[in-house]
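This briefing is for a reader new to the structure shown below. It goes through selected contacts, grouped by topic.

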Amino acid sequence: MKFLKFTLYMLPALLLLNSCRDYVEVEQVGNNRILKYTSDYRGLANAYNDISGSGGIYLLANADVEFPTTYQNGVNTIWANSYTWQDRIYDPSQGDADWIGLYKAVYYSNVILDGVMGSEKGTDAEKKEIYAEAFVHRAFAYLQLVNTYGPQFDPASANSEKAVPLLLKPELFSSLDRSTVGQVYDQIISDLKSALANDIQDTPPFNVIPSKIAAYALLARTYLYMGQYQLSLENAEKALEMQNGLIDFKSFATTSSYPVLIQNPEVIFSKTLLLSYNGAPLSTELLNSYSADDLRYNYYTAPGTNFFPTFTGRGYGIPRYSPTNGINVGVSVPEMYLIAAECYARAGQTQKAVDYLNILRAKRYKANTAYQVSTSTNTEALNLVLTERQKEFIGRGFRWFDQRRLNLDPAFQKTYTRTFKGTTYTLAPNSDGYVFPINQNYIDLNPELGK
């Protein structure tokens, strides 16, 4: 049994939740209340800044990003190591903020799941609502963790490779043996189904709160990463039945008209990357893929002079619109359209795939321009969908997860190369570079993490 040394220093307040077993009647410790009432658990569930940890180191490694030559001299070692797909990302003095933030979200979720149903001064309905939400938060965190620190799920294998520790209780003393890829995915699906089974609310007041739509949408994303396309389609369609509104970019007067994250009607469930990843330069190839009529270039990107350090080129623009925005990696309506389109293309239903693409594209192009695409072959339909994903999800890191899963298909495998400070680096399909290493500091403290 190992103490969670690698996250302890991040959780001083949380220690109070689980370190006072002999003093359960003490309600006040400084400014912290021992969780006792349902309202305490609601407060914890609504602690968005603490429970929204979504990582993002993969953003720097994915094909969306390209560091200009002059920019390379100013990046820190974490950025440089991620960008060049190194087998060690962090120096001995550094912590892994992605790992810490995601496991913090897991810990908060476990605290809620372990205690809210026995809390006081709350109705059964209130307790059950909070309980159901925690399953979604935990599922999201583990989906990020397994796709950052674990090998790609392969529907043709047993998925017995080691991934990350699966912690399901709010224990500060716990085994950190890594579970397999298959076990982590099983838990993600179980959590999302548990949220649905516990009647999670359909439409919460804010998109930072998990909902039934979010559970369906996350199941759609999870099954897509698993290559279970029919199940992915079914859940994407369920999500779209409940929320399908898209923003019409033609309606905006200026870029400042773009809605802030909490008011964005396209967002089903808001989760943002760490702020430290804002401003990564976008690749020239990706920027050049936008036609002159595609309004996403104007709204999704901004000149490099808007970021610090500045650079020649463009970065992801939406976080620049408002300090309340970030890089949203939660599930959204556009993602559901594109998941459904991909699944239809893979199922041979070419016209349905194209129809879903055109529903989205109609809201992204200038008025009176040719936005519609058409094709008569499944292969071309699938290629159109994958290209559209790159343009719609620009600057969010989703490309990394697509690169990982598409490596399983020889038709989509690609070798990537980058030159950084005069040295060329290569990322081959299915190489170890697609799995981020667990920080050596944590393995030194907890050797089972390295097994």
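Arg405 and Glu342 are both buried. The two form a salt bridge, and their closest N and O atoms are 2.8 Å apart. Arg405 belongs to helix H18 (residues 398-406) and Glu342 to helix H15, so this pair ties together parts that lie 63 residues apart in sequence. The model is predicted, with a mean pLDDT of 91 for the protein.

**Other salt bridges**

- Salt bridges that share partners link Glu266, Asp294, Arg296, Arg361, Arg364, Glu388 and Glu392 in one network.
- Over the whole structure, the search finds 20 salt bridges.
- One of them pairs Glu133 with Arg42, with 3.0 Å between the closest N and O atoms.
- Because Glu133 sits in helix H8 (residues 124-149) and Arg42 in helix H3 (residues 38-45), the pair ties together parts 91 residues apart in sequence.
- Glu133 has a relative accessibility of 1% and counts as buried.
- Asp202 and Lys212 also form a salt bridge, and here the closest N and O atoms are 3.4 Å apart.
- Asp202 is in the loop between helix H9 (181-197) and helix H10 (212-226), while Lys212 is in helix H10, so the parts tied together are ten residues apart in sequence.
- Asp202 counts as partly exposed at 37% relative accessibility, and Lys212 counts as partly exposed at 23%.

**A buried arginine with no salt bridge**

- Arg178 is buried but has no salt bridge.
- The nearest side chain of opposite charge is that of Asp177, 8.1 Å away.
- Arg178 is part of strand E6 (residues 178-180).
- Leaving aside residues up to four places away in sequence, Arg178 touches Lys162, Ala163, Val164, Pro165, Ile438, Leu449, Gly450 and Lys451.

**Aromatic pairs**

- The count of aromatic pairs comes to 29.
- Tyr290 is buried, with a relative accessible area of 8%, whereas Tyr297 is partly exposed, with 26%.
- For Tyr337 and Tyr356 the ring centres are 5.7 Å apart and the planes are at 55°, so this pair is tilted.
- Tyr337 lies in helix H15 (residues 333-346) and Tyr356 in helix H16 (residues 350-361), so the pair ties together parts 19 residues apart in sequence.
- Both Tyr337 and Tyr356 are buried.
- One aromatic cluster is formed by Phe67, Tyr71, Trp79, Tyr83, Phe307, Phe311 and Phe420.

**A strand hairpin**

- Strand E9 (residues 416-420) and strand E10 (residues 423-427) run antiparallel and are joined by five bridges.
- Tyr416 is opposite Leu427 of E10.
- E9 and E10 make a hairpin with two residues between them.
- Lys421, in the turn, has a positive phi of about 50°.

**Confidence**

- A pLDDT of 70 or more is reached by 93% of the residues.
- Over residues 1-31 the pLDDT stays under 50.
- For residues 1-31 the model has 60 contacts beyond four places in sequence.

Key:
Residues numbered from 1 in each chain as written. Predicted model: local features only at pLDDT ≥ 70, side-chain atom pairs only at ≥ 80, totals over all residues. Heavy atoms only, no water. pLDDT = per-residue confidence, 0-100. Contact = heavy atoms within 4.5 Å. Helix = DSSP H or I, 4+ residues; strand = E, 2+ residues; numbered from the N terminus. Buried < 20%, exposed > 50% of the residue type's maximum accessible area, 1.4 Å probe, protein only. Lys, Arg positive; Asp, Glu negative; His and termini not counted. Salt bridge = Lys/Arg side-chain N within 4 Å of Asp/Glu carboxyl O. Pairing = 2+ DSSP bridges. Phe/Tyr/Trp six-rings, centres within 6.5 Å; stacked < 30°, edge-to-face > 60°.
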